[in-house]
Amino acid sequence: MAVNGKGPYDPQNIFARILRGEIPCKKVFENEWVLAFHDIAPKAPVHILIIPKNAYVSFMDFSATAPAEEIAGVTRATGEIARAQGLEEGGYRLITNAGTNSGQEVPHFHLHLLGGKALPIFAH
């Protein structure tokens, strides 16, 4: 079910529970800003979810309220993960869903990092 992306933050959402260690994940990266792990229903050979460790409902929330240091930390971590996965040569896609019309299902801001094959091109 899609969520509105504006809040309030639900501390019982699946990503909050993963961050607390209540639900296991196949971790590929962790630092002070993010936890990254393999998606359980991958849409590409590489499909990694990158979630900030702090509570943001969506990119709308994150971009409006996160301090600049944290925005930079999440962005740099995302690039580091893509490089570590060997995705720079062939390229990759970053996706985030924000709000009902996007189909956002988990009320915790996250990025999908997809790569490892040619991905379909979106119509313009």
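Me: In β3, which residue is the bridge partner of H38?

Reply: The model is a predicted one. Strands β2 and β3 pair in the antiparallel sense over five bridges. For H38, the bridge partner in β3 is I48.

Me: Which strands stand at the edges of the sheet, and why is one side of each left without a neighbour?

Reply: Five strands form an open sheet with antiparallel pairing, in the order β1-β2-β3-β5-β4. The strands at the two edges each have a single partner strand, so one side of each has no neighbour in the sheet. These edge strands are β1 (27-30) and β4 (92-95).

Me: What angle does the direction of the helix that packs on the sheet make with that of β3?

Reply: From one strand to the next, the twist averages 20 degrees. Helix α3 (residues 68-84) packs on this sheet and touches β1, β2, β3, β4 and β5 (111-115). The direction of α3 makes with that of β3 an angle of about 160 degrees.

Me: Which element gives the most to the lining of the largest pocket?

Reply: The largest pocket holds about 470 Å³ of space. Its lining has 22 residues, with F15, D39, I40, L49 and V106 nearest the centre. Two or more lining residues come from each of α1 (14-19), β2 (34-38) and β3 (46-52). With three residues, the element that gives the most is α1.

Me: Is the peptide bond from G7 to P8 cis or trans?

Reply: Most peptide bonds are trans. P8 is found in the segment before α1. The bond from G7 to P8 has omega near 0 degrees and is cis.

Conventions: Residues are numbered from 1 along each chain as its sequence is written. This is a predicted model: local features need pLDDT of at least 70, side-chain atom pairs count only at pLDDT 80 or more; totals for chains, interfaces and linings use all residues. Side-chain values use heavy atoms; hydrogens and water are left out. On a 1 Å grid over the protein atoms alone, a cavity is a set of points where a 1.4 Å probe fits but cannot get out, and a pocket is an open set with protein on both sides within 12 Å along at least five of seven lines; lining residues have an atom within 4 Å of a point. Grid points are joined across faces, edges and corners, and a volume is the space filled by probe spheres set on the points. Helices (H or I, at least four residues) and strands (E, at least two) are DSSP runs, numbered from the N terminus. Two strands pair if DSSP finds at least two bridges between them. Axes are lines fitted to C-alpha atoms, for helices over the stretch in contact, and angles run from 0 to 180 degrees between N-to-C directions. Contact means heavy atoms within 4.5 Å.
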